Amino acid sequence: MDVQFFVEAFVTMFVIMDPPGIIPLFLAYTRGRTAQERKRIAWQAPIVAFCLVVVFAVFGQAILGYLHVEVAAMQIAGGLLLLLVALQLLTGETEPPPGTMKSNVNVALVPLGTPLLAGPGAIVATIVFAQQAGQKEGGILALALAIAAVHLLLWVFMRFSVTIIRVIKENGVELVTRIAGLLLSALAVQLIITAIRTLLGAG
């Protein structure tokens, strides 16, 4: 296994997916849920993100090529989706609309699994690393272990956040929700700006 490639992929994916940073978002979107429901969402969200990342690692380049979609276009679309989520957090509208729970809407799928965890940044990084992995001896194994390790940490941080709620209470969740919304909105705008710069540079 290529240890250097593993470290590079792990650090990059860790920074992009940001396991510690998902705690306030997880608490915000599971507010009012029971401890058992939070535990279930804590492992479902990383599994959803892991599946999406693996799909794009294997088929990402082919999918984008078939659809004639540029990476920058995916970044802009992802940035807009994250901006919508950020606005919900800033306005305190993170609870599912009335009746949606009956239709089996699960926050572990959207927005936690995607686009918060398996977002445009993680997907783009995965596609790039997948291309590099094929050119390195043991690169595929290193990339697979790096992706698995990051998602394991995501589960650990979200599972740990279930106990944090007992310490900071609902008022604390309200505070970190607003802060998370502000930071997420900045990240969303930065994604869009980076994509526009890429398009302008290519042009």
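## T12 and its contacts

Leaving aside neighbours within four places in sequence, T12 is in contact (heavy atoms within 4.5 Å) with A125 and F129. T12 lies in helix α1, where helices are DSSP runs (H or I) of at least four residues, numbered from the N terminus. T12 is partly exposed, with a relative accessible area of 26%, given that buried means under 20%, exposed over 50% and partly exposed in between, with a 1.4 Å probe and protein chains only. From C-alpha to C-alpha, T12 and T126 are 9.6 Å apart in space, although 114 residues separate them in sequence.

This is a predicted model, in which local features need pLDDT of at least 70 and side-chain atom pairs count only at pLDDT 80 or more, while totals for chains, interfaces and linings use all residues. Residues are numbered from 1 along each chain as its sequence is written, and side-chain values use heavy atoms, with hydrogens and water left out.

## How α1 and α6 pack

Two packed helices are described by the angle and the distance between their axes. The axes of α1 and α6 (residues 120-133) come within 9 Å and cross at roughly 170 degrees; axes are lines fitted to C-alpha atoms over the stretch in contact, and angles run from 0 to 180 degrees between N-to-C directions. The two helices, α1 and α6, are therefore roughly antiparallel to each other, a description used for angles over 145 degrees.

The residues making this contact include F5, E8 and T12 of α1, and A125, T126 and F129 of α6.

Terms used
Parallel < 35°, antiparallel > 145°, perpendicular 65-115°, else oblique.
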